[in-house]
Amino acid sequence: MKVIAVVRDLFFVARIRETARLVGTPLGFARTPEEITAALSPDPPALVIVDLTTGGWDYAAIFAALDAAPDVPVLGFTTHALARSTQPLHARCRRVVTKETLTQELPALLQHGLAA
């Protein structure tokens, strides 16, 4: 199961990378719509994890790139403090969790996707 993470926060990049290594899940990172498009083909990932809290990102373009693979589930993550401001993006995700929940569930998510 391949996973793509759309994350810029270095703490979460390191956490996701190390957890993926420990559970044996192939992982890639994408930070631009072009990188997302490239990561979606020819072999689409089983899951895309998107940080919904990154200031300055063009989320309309990010989700437009993700729309090219409608069968790939998107897990968005946010914080309690930013949940209201990220609310418009929640509908574009199959599931949205807080950073705390992501940290707790990350091994299972990386191994089993949203079926975890």
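**Salt bridges and a helix face**

The side chains of Arg21 and Glu18 form a salt bridge, with 2.5 Å from N to O. The term salt bridge is used here for a side-chain nitrogen of Lys or Arg within 4 Å of a carboxyl oxygen of Asp or Glu. The model is a predicted one, in which local features need pLDDT of at least 70 and side-chain atom pairs count only at pLDDT 80 or more, while totals for chains, interfaces and linings use all residues. Residues are numbered from 1 along each chain as its sequence is written, and side-chain values use heavy atoms, with hydrogens and water left out.

Arg21 and Glu18 both belong to helix H1 (residues 10-23), and because they are 3 residues apart, about one helical turn separates them. Helices (H or I, at least four residues) and strands (E, at least two) are DSSP runs, numbered from the N terminus. Arg21 is exposed, at 54% relative accessible area, whereas Glu18 is partly exposed, at 35%. Here buried means under 20% relative accessible area, exposed over 50%, and partly exposed in between (1.4 Å probe, protein chains only).

How many salt bridges does a search of the whole structure find? The search finds 3. Another of them joins the side chains of Arg92 and Asp67, at 2.7 Å from N to O. This pair links distant parts of the chain, 25 residues apart: Arg92 lies in the loop between helix H4 (83-90) and strand S5 (95-98), and Asp67 in the loop between helix H3 (59-66) and strand S4 (74-78). Arg92 is partly exposed, with 38% relative accessibility, and Asp67 is partly exposed, with 46%.

Arg95 and Glu105 also meet through their side chains in a salt bridge, at 2.8 Å from N to O. Again the pair links distant parts of the chain, with Arg95 in strand S5 and Glu105 in helix H5 (residues 99-112), 10 residues apart. Arg95 counts as partly exposed at 28% relative accessibility, and Glu105 counts as partly exposed at 27%.

Now turn to helix H2 (residues 33-40), where the buried residues are Ile36, Ala39 and Leu40. They are on the same side of H2 because they cover an arc of only 100 degrees around the axis. The arc is taken from the directions from the helix axis to the C-beta atoms. Glu34 and Ala38, on the other side of H2, are exposed. What do the buried residues of H2 pack against? Their partners are strand S1 (3-6), strand S3 (47-51) and H3, where contact means heavy atoms within 4.5 Å.
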